[in-house]
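Trainee: Hi! Could you walk me through this one with me?
Mentor: Happy to, let's take a look together.

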Amino acid sequence: MGFDKHKAELAVKKSGGLQDALEWLEINQERSYEEIVASLGSTGNDDNDPNAEPASLQACEQARSLVCNECGKKFRSQAQAEFHASKTQHVDFAESEEEIAQLTREEKKARLEELRQKLAEKRSGMSEQDKIDKKRNEEIRRKSTKETQDIKEDLEKKRQLKEAATKRKEKQEEVEAKARIKAKIAADREQRRLKAEKDKAEREGRAAPAFAVTAPTASTTLSPEGSKPASGYTEARLRLQTSRGNLQKTFPVTTTLYEVAAALTQQTGYEVQSFTQNFPKKTFDT
């Protein structure tokens, strides 16, 4: 019927009949078996034996009932009244000459159905509370997940912005380095041309022609030190890419490519046959 086995056995012992047992179960439906046993033990009934069966009405005794003056509920036996007092803390009881009629089969069935409905409603209420708690926990989990995802997306955006700024800086530095190399190459070419003209004039026994020194244009000099005439440079810094890695060396502006190749051969151990310039694309033989 849905009743706890131990409580049902105790109800039969305490009441002595089916009707009284049902009433006892109704009175104690919200109390656990341990609580009932403990309360029986504290009252000291039947020499402190909580499972002892209370005395029922004898056949020779006049049928009587007990009534609670505080709530008006009637009981067939003293055991029922005691359980009612332990549950409700009511202490004002009186004897009644009115006999409580026995429940018919239909009334017993209705009483059982009422008890089942009460238990079902109680379980349903607990189920609804479980659903509410589960929904609240799910909302908390979703909120935590969203906050974590937002933090990850923010960190990813910052990382991408940092990488983009680094790439832009590297590209700008590469452009400036290429411009400086181009300007130094042009200055070296001009210096060698002037030297060749001077040597030729000396061999022919004539005075060396005077050459006007033209300052390099802004498009060929991006040095942060400002504009400087080509003849004012004394060193050239070259960044060389080899099969063994990148090398950065500084040479005097009068150094020829042959001398650069010889220096690389001495440092790397293999012979250099040519140099290739990426921008503009051009190859120089040593």
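Mentor: Glu 138, Arg 141 and Arg 142 are linked in a network of salt bridges, a salt bridge being a side-chain nitrogen of Lys or Arg within 4 Å of a carboxyl oxygen of Asp or Glu. This is a predicted model, where local features need pLDDT of at least 70 and side-chain atom pairs count only at pLDDT 80 or more, while totals for chains, interfaces and linings use all residues. Residues are numbered from 1 along each chain as its sequence is written, and side-chain values use heavy atoms, with hydrogens and water left out.

Trainee: How many salt bridges are there in the whole structure?
Mentor: A search finds 12.

Trainee: And where do Arg 141 and Glu 138 lie?
Mentor: Both are in helix α5, three residues apart, about one turn of the helix. Helices are DSSP runs of H or I with at least four residues, strands are runs of E with at least two, and the numbering starts at the N terminus.

Trainee: New topic: is Gln 80 buried or exposed?
Mentor: Gln 80 is buried because its relative accessibility is 1%. Buried means under 20% relative accessible area, exposed over 50%, and partly exposed in between (1.4 Å probe, protein chains only).

Trainee: What does Gln 80 touch?
Mentor: Not counting residues up to four places away in sequence, Gln 80 touches Asp 20, Glu 23, Ile 27 and Phe 75; contact means heavy atoms within 4.5 Å.

Trainee: What about Gln 89, buried or exposed?
Mentor: Gln 89 counts as exposed, at 61%.
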